[in-house]
Structure formats: C-alpha cells, structure tokens
Amino acid sequence: MKLRTGEYFIQEVFRSLKRNNWMSFASISTVAVSLFVLGVFLLLVMNMNRLAATLESQVQISVYLQDDLKKADREGLQKDITNMQGIETVKYVSRDEAKSRLSERLGDQKYLLDALGDKNPLPDSFELTVVHPDMVETAAKAIEHMNGVESAKYGQDVVEHLFDITRLMRIFGVALMVLLAGATIFIISNTIRLTVFARRREIAIMKYVGATDWFIRWPFLMEGVVLGFAGGIIAAVALRSFYAAMAAKIYNTLAFFPLMPQYPFMNYVTVAIILSGMVIGAIGSTISLKRFLKV
Amino acid sequence: MIHMRNVCKTYDTGAVALDHVNLDIEKGEFVFIVGASGAGKSTFIKMLFREELPSSGKLVVDGHDVVGMAREEIPYLRRGLGVIFQDYRLLPDKTVFENVAFAMQVIEAPRRIMQRSVNAVLDVVGLRDKYRSFPSQLSGGEQQRVAIARAIVNDPSIVIADEPTGNLDPETSWDIMDIFQRINKAGTTIVMATHDRNIVDAMKKRVIAIEDGRIVRDEQRGGYGYEA
C-alpha cells in the first residue's frame, strides 16, 4: 500500500466516524462494556484457578493421634505410615508444638489462648504430604483405620469445590463471551453498513474507474478495527484500575490470598483485550462488507 | 478494440436482452448505438465494462477477455475505459477538481502527475476556471463535462457513454458532442448509446441499431433511421 493511499484511507475512516458519530459512539461503548465484562470474568476465573492450584499443592493430611498412645506405638505407627505407598514425608508434631503454632497463627488474638491457662486441648499429630494430590483421599481413609489414630483430616473437599466452581465459571464465561461478542459484532457491522450506505455513490464511481476491490474495502475494514480498538482501550484502562482497586482491597483483608500479581499479568490482559476488540471490529465490518458491498 | 462473437444475454427472468450479437469496433472509431428503450442498448453498454456478463459467446474489450476474466482483473479492464452516464454521477461534496482527481486517486496514480493531468482534462472540457465549484453550482451541461473530464483523466482507450445528452437541451448537447469529437480525434474510441436523432443524423458516424436484442443495421456514416 502506498503511503498516500494509507493517508487517504485514514482520512476516510475519520470522516465516517464523524459522519456516523452516534453509531460510532454506540459501537465503541458496546465494545468497551462487553470487553470489560469479559475481562472481569477472565480475571475471576484465572484467580480462582490459581487459588485452587495453590491450595491443591498445599494439601496435606493431618493425622491426629489418640491421647493415650505410648511413644513406642507412636514410633511404630510413624514407620508404618512412612512405608505406605504415595506418602512423601511424615512429620511428628507434638501437642506442645501444635499449641505454640496456634498461638503464632492467632497473632494479635493470642490472648484467646490465655483462657486455657496451662491446659492444652490439642492432640499429638503427624503431618503427611503425599506424592500426588490424587492420593490424598485413599491415604487418609486407610490411615484412619490404623490403631492409635483418632482421625485423619485433609482439605481435599475444599479444593474440589473450588475446581467445580471455576469449571462452572469457565463455561458461563465462554457462553457470556459468545453472547457479548455476537452483540458487539452486530453493532459494529451495523455501523459499517451505515458507512457503506453513506458512501454508495463513491463506491459506484470507484468501481467504474477501476479501483480494486481491496482498495474499496480497506477503509471500511479499518473503520471497524478502529472502533474495536477504541472500545478495547477503554475496557483495558477500566479493567486495570478495577483490578488494582480490587487487589488493594483483597490484600488489606486477606493478606495471604494468592492473587495473580498485577505485573506482568495485567499487561497480557490489556494486550488480549485490545486485540480482541480489533478482531471483533474486523469481523463486524467483514460481515457488513460481504452483505452490503457488492463490488 | 471491441470484438463480440455470438454474444447472448438472457436474464434470470427469462427475458432475452441480446441474441447472438457479432460485432467489431476498431481503434479510433466513433460509434452510435441506437434503438428503442428495452431493445438491448443498455445491456450492450453495460457488458463493455462488465457490469453485466454475457450468458454465452465471446467478448473481448481492449484486449481483455471479458467473459473468462477473473474478478480481480475487472478493475484493470475498467482502467482502460472511461464511462459516462446520463445522470453524471458526480460526488456532491467534492469540488470539480476533486471529482476528477478522485478517479486518479483510487487507482493510486502518482500524485505528481495528478495536478497536471486534472488541469489538462479540465482544459479539454473548458472548465479550468471552475475547478473550485461544487456540482450543485454548475449547470447540467457543465456537470456532464466534469463527468467527461473524470472519464478521460486516466487516458482510456475507449470512452463509453450511455445517453450522455439525455438530460440536456439541444444546444448544450452539441457542446458535449463537440468535446467527444475532439477526444475521438485524439485517437480514443468512442461508443455512445443515444436516443438523440438530430445528433446521430448530423454527425455521420457509424451507427449500430439494436432491435429485440439483435443488430438490425450497422452502417458507416449512417443516420438514426427510425420514424419515432
């Protein structure tokens, strides 16, 4: 494409954006709102995935021992568990250690333990990690039936639930994406149709004097892409500030929450959102050109 | 320049517009196409710049095989042709100069020759001093002259005119014909469909008469020939 031709195309694009100012505004807004909603969903799903994965990797089995267990039995039990298939590590946690850990975890609310005085309601326990998260359930069930074991607990059900929720959200997100993308494409193709209509005389003359199909199509295609691009920028900017605000809030209340860090993650999201806008714009104008621009 | 062999055109409705037309128009000729409305004149003209496609037969225009050509080649056929219509078809929001330059712009002609070429053709049609006017400020004859300037600015080998004087009074029509004659003298082939008996009779050019989709008469230095 010659430089001057590019100049002409850009001129044409801005002329018709101005000419169809209300439709252009509606298109850009629709793209922006749709992409923003999609972006929020993307952020939610990705963060829930991350949370589930983090929890999953941290899953361990806590084996609580009966209070009256003798040291020798306890050591035998530890050996048996260590020899089980799929068990990676076994760590003995005495009831004293458990109490000091609890007081550490309570932090500012440590005084709650004062009420107990010297008493310690916590049992001795083993902390097990497994080779693979899948093995948690079977291992826990087997251990629970061993002599000297009070109970074996693990966080697997929480993780499962989280994965269920993210799976649902992903399906919902895809459905929403299809719907919103469809609506956006429709609006953009309508805007381009108006432009085609407004320029039908010019198009006819261009054909008679021998302009190529692509020379005629380019300005329309570019107009769609520009609309999508503008909407994408707005959505991306809004999404960035939204995520920054949410992140600040979450860090304030749930400091340990494994949130996706803003950088570089949000840069990828920004690029993806803007590119999606442009692709949606291109699709919208292509549909209109196919239907209304008989060249 | 233009060669037709057994060209037929049947529309989807079943109407036969052209029926086995054979014809040769050579370089530098000036040809009138005459015939009643609905005789097939318009179809004939539209085929030359491939607005319509023959149903069968062979049609070569300016070296292009119109029937067999790929879609992508159509613009290049049209760059060798200058097309003029009864209703001028100017862009109302562009000046005279811009209307003519537009034809160069959209085929990506070099900018440095644009100014010169546009001025030259505006000289040919006698509108150099009105280059900044808008079509609405011009008379019908002047508008048609702008359209002619636009048709010839890319230096076509054939000018195709469909009833170019149809909307003009006799005196203005003669101005237009005068321009056509000058363009023709410079070597450009001219094919003009018309209803204007006086013009055809006075110009003594080749006349091709079409009736019911067939060529019923083809004579050099002919006349309109109908009692209408």
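Helices (H or I, at least four residues) and strands (E, at least two) are DSSP runs, numbered from the N terminus. This is a predicted model, in which local features need pLDDT of at least 70 and side-chain atom pairs count only at pLDDT 80 or more, while totals for chains, interfaces and linings use all residues. Residues are numbered from 1 along each chain as its sequence is written, and chains are lettered from A and ligands numbered from 1 in the order in which they are written.

**View 1. Chain A, from one end to the other.** Chain A has nine helices and four strands. The C-alpha trace spans about 100 × 40 × 30 Å along its principal axes. For 295 residues, a compact globule would have a radius of gyration near 19 Å, but chain A has 31 Å (taken over C-alpha atoms; the globule rule is 2.2 Å times the number of residues to the power 0.38).

**View 2. Where chain A touches chain B.** Here 15 residues from chain A meet 16 residues from chain B; two residues are in contact if their C-beta atoms, placed from the backbone, lie within 7 Å. On the chain A side, α1 (3–19) and α7 (200–208) each supply at least two residues. Which helix gives the most to that side? It's α7(A), with six residues. Sorted by class, the chain A side has eight nonpolar, three polar and four charged residues (Ala, Val, Leu, Ile, Met, Phe, Trp, Tyr, Cys and Pro count as nonpolar, Asp, Glu, Lys and Arg as charged, and the others, Gly among them, as polar).

**View 3. Chain B as a whole.** Chain B holds seven helices and 10 strands. Its C-alpha atoms fill a box of roughly 45 × 40 × 35 Å, taken along the principal axes. With 228 residues, a compact globule would have a radius of gyration near 17 Å, and chain B agrees, at 17 Å.

**View 4. Two helices side by side in chain B.** The axes of α5(B) (residues 140–152) and α6(B) (residues 170–185) come within 9 Å and cross at roughly 15°. Axes are lines fitted to C-alpha atoms, for helices over the stretch in contact, and angles run from 0 to 180 degrees between N-to-C directions. The two helices are therefore roughly parallel to each other (angles under 35 degrees). Look for B:Ile148 and B:Ile152 among the contact residues of α5(B), and B:Ile176 and B:Ile179 among those of α6(B). By class, this contact has five nonpolar, four polar and two charged residues.

Conventions:
Parallel < 35°, antiparallel > 145°, perpendicular 65-115°, else oblique.
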